[in-house]
Amino acid sequence: MYEVSLYNSLTKKKERFVPLTPGKIGMYVCGVTVYDRCHLGHARAVVFFDVVYRYFSALGYEVTFVRNFTDVDDKIIERAHQQNISWNELAEKYIHKFYEDFDRLNVKKPSFEPKATEHIECIITSIEKMIARGFAYEKDGDVFFSVRSLDEYGMLSGRTVDDLLSGIRIEINDKKNDPLDFALWKKSKLNEPAWDSPWGKGRPGWHIECTAMIHKILGDEFDIHGGGNDLIFPHHENELAQARAISGCHYARYWMHNGLVTLNKEKMSKSTKNFFALEDIYNQFEPRYIRYFLLTKHYHAPLDFTSELVGDAVNAWKRVENSCGIVHNILSRNTYSLIENINHEMLKGFCEALSDDFNTPKALAILFDTVSCMNQAVREGKSHKELSVLLSALETMASILGIELFLPEQAQVSFSDIEDIDEQKIIEQGISCLHINKFSDEQIKLLVRLRLLYRMKKDFKQADTIRDVLQQAGYTLRDTKNQTIYFQL
RNA sequence: GGCGGCGUACCCAAGUGGCUAAGGGAGUGGUCUGCAAAACCAUUAUUCAUCGGUUCGAUUCCGAUCGCCGCCUCCA
């Protein structure tokens with residue numbers, strides 16, 4: 001098994017990854033607050049941790065992967081009010097949208113997808129423990145966490161309480177003992193979602209849901225906690241503080257934070273309206289190209305989005321698809337099947353790259369080397385066995401990264417296929433369907449044959465006309481010496 | 001102001017205390033082809049923001065400077 005190293009945001013160092021229980025991994029990634037459509041920034045986090053999940057699974061780990069939905073908070077309430085629907089209707093709507101968007105990005109379903117509202121009981125128990133241990137206090141139906149009560153507060157984000165205080169922009173809330181204290185439980189106002197609690201009707205604060213759900217599903221100490229680096233403070237800092245306050249546990253052993261997606265070098269963010277919704281991007285680019293694009297830069301660094309850059313990504317991934325398509329076409333005659341557990345040098349290099357703190361750009365470079373290698377093998381007319389091995393290695397890499405390979409059904413017609421047929425009949429039939437708007441498979445085949453006939457007779461003008469017609473209809477034609485391969489894109 | 005990150009070719013992007021500084025896109029020239037497409041070959045950084053220091057040797061380590069970005073309010 002490969003030894004994996006990870007950059008740990010807690011220690012600010014790259015460390016060898018050793019799971020708490022050999023062979024098993026507990027991983028929690030902060031999901032989204034469901035009050036709007038998801039944008040490319042969300043996609044980066046979701047896709048990246050999907051790769052982490054896939055890779056660890058491919059290495060043979062039994063991964064318990066948890067990704068939550070925050071389905072109750074101020075913004076949901078506010079938005080629902082504007083749209084004149086109930087807050088839970090709004091949340092459901094965007095949860096549904098989330099699945100729609102991320103299914104298209106080929107994101108696997110985690111082991112658990114808890115919702116805040118389904119864990120009110122353990123949230124309340126957690127808050128009670130914090131109060132009992134002197135880390136939290138109740139004021140008029142609200143409960144706050146007292147940051148000064150925890151010595152190590154700030155250890156994740158690398159700040160002290162005094163640092164934070166000097167740059168404070170939090171609005172003054174006179175219920176709080178200290179301006180930095182944060183809400184664990186919010187007293188609900190009229191017409192707001194509310195649950196019974198020892199402190200009256202209310203709802204959970206933002207940070208506590210994660211702490212409580214992690215405690216319930218993964219236990220006090222677990223392996224990996226992930227999310228966007230904008231969550232380091234205050235969200236993850238506060239989660240960690242709560243966990244320590246509840247049980248004094250270590251909580252997450254490794255914290256992984258992905259860099260943000262930028263638009264014109266500025267953070268993509270819903271609140272600043274500086275974003276592209278996924279479903280809008282999908283109108284311009286196929287989702288698999290977006291997924292490829294998201295993995296072209298190391299997860300730790302910011303990733304700038306422009307149409308030009310995604311356009312480059314499209315061309316790059318098409319190169320892979322082209323090559324795989326050609327090899328599939330060669331091998332399908334011998335019914336190609338993926339070689340499982342393949343042990344290829346290239347795949348080894350690929351895994352080493354991913355094992356080194358998920359260096360996806362390096363892994364992709366190796367994937368492209370494999371493509372070159374495979375193209376070379378095709379050119380040199382290498383054996384089907386050799387091609388199968390390369391193709392299997394390539395498909396394994398693509399599947400670990402979760403980037404789909406779109407391989408159109410290819411068909412071919414050779415000179416020998418049309419040698420003994422009735423020329424006149426083909427010409428008549430072919431010309432008669434030349435002006436149809438939508439072709440049937442039979443008609444396409446007929447036209448390809450007709451064109452080949454013209455090619456054979458060196459009537460290239462006619463041949464080119466037919467190619468133009470077919471191209472218009474969405475078919476790509478590739479000629480070789482004595483045949484034509486065609487497929488629909 | 002505090003904390004953190006980044007600056008590598010035309011663009012994107014890995015990487016390393018010394019061997020030809022990966023890979024992709026774009027461009028150019030060539031091979032193949034009737035053409036096209038795809039593919040292949042060659043080519044595009046004597047140099048890694050700038051200036052110092054450590055070192056036999058630094059793009060890589062240290063320091064300073066400049067520039068860009070993130071967090072310190074909700075955020076993936």
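This is a predicted model: local features need pLDDT of at least 70, side-chain atom pairs count only at pLDDT 80 or more; totals for chains, interfaces and linings use all residues.
Q: What share of the residues is buried?
A: Of the 489 residues in chain A, 53% are buried. Buried means under 20% relative accessible area, exposed is over 50%, and partly exposed is in between, with a 1.4 Å probe and protein chains only.

Q: What about contacts between residues at least 6 apart in sequence?
A: In chain A, 75% of those join residues at least 24 apart. A contact means heavy atoms within 4.5 Å.

Q: Switching to the sheet with β14 in it. What's the strand order?
A: β14-β16-β15, an open sheet of 3 strands with antiparallel pairing. Two strands pair if DSSP finds at least two bridges between them.

Q: Which strands stand at the edges?
A: β14 (410-414) and β15 (475-479) do; each has a single partner strand, so one side of each has no neighbour in the sheet. On average, neighbouring strands here are turned by 20° against each other, direction ignored.

Q: How many bridges between β14 and β16?
A: 5, in the antiparallel sense, with β16 covering residues 483-488. Ser414 has Gln483 as its bridge partner in β16, and Val413 has Thr484.

Q: Then what's on the β15 side?
A: β15 and β16 also pair in the antiparallel sense, over 5 bridges. They form a hairpin with 3 residues between them, and Asp479 stands opposite Thr484 in β16.

Q: Why call β16 largely enclosed?
A: Because 5 of the 6 residues of β16 are buried, the rest of the structure largely encloses this strand.

Q: Which helix lies across that sheet?
A: α15 lies across β14, β15 and β16, and runs at about 150° to β16. Axes are lines fitted to C-alpha atoms, for helices over the stretch in contact, and angles run from 0 to 180 degrees between N-to-C directions.

Q: How does α15 pack against α16?
A: The axes of α15 and α16 (residues 460-472) come within 8 Å and cross at roughly 155°. The two helices are therefore roughly antiparallel. For the cut-offs, under 35 degrees is roughly parallel, over 145 roughly antiparallel, 65 to 115 roughly perpendicular, and the rest oblique.

Q: What's in that contact of α15 with α16?
A: By class, 9 nonpolar, 1 polar and 3 charged residues. Ala, Val, Leu, Ile, Met, Phe, Trp, Tyr, Cys and Pro count as nonpolar, Asp, Glu, Lys and Arg as charged, and the others, Gly among them, as polar.

Q: And α14 with α15?
A: The axes of α14 (residues 423-432) and α15 (residues 441-456) come within 9 Å and cross at roughly 125°, so the pair is oblique. The crossing is left-handed, which is when the near helix is turned anticlockwise from the far one by less than a right angle (clockwise is right-handed). Among the residues making the contact are Ile426 and Ile427 of α14 and Leu446 and Leu450 of α15.

Q: New topic: α10 and α12. What's their crossing like?
A: Their axes come within 10 Å and cross at roughly 40°, with α10 being residues 307-331 and α12 residues 360-379. α10 passes α12 in a left-handed crossing. The contact residues divide into 12 nonpolar, 3 polar and 1 charged.

Q: Last one, Lys97: buried or exposed?
A: Lys97 is buried, because its relative accessible area is 17%. Lys97 is found in α3 (residues 87-104). Leaving aside neighbours within four places in sequence, Lys97 is in contact with Arg37 and Glu279.

Methods
Residues are numbered from 1 along each chain as its sequence is written. Chains are lettered from A and ligands numbered from 1 in the order in which they are written. Side-chain values use heavy atoms; hydrogens and water are left out. Helices (H or I, at least four residues) and strands (E, at least two) are DSSP runs, numbered from the N terminus.
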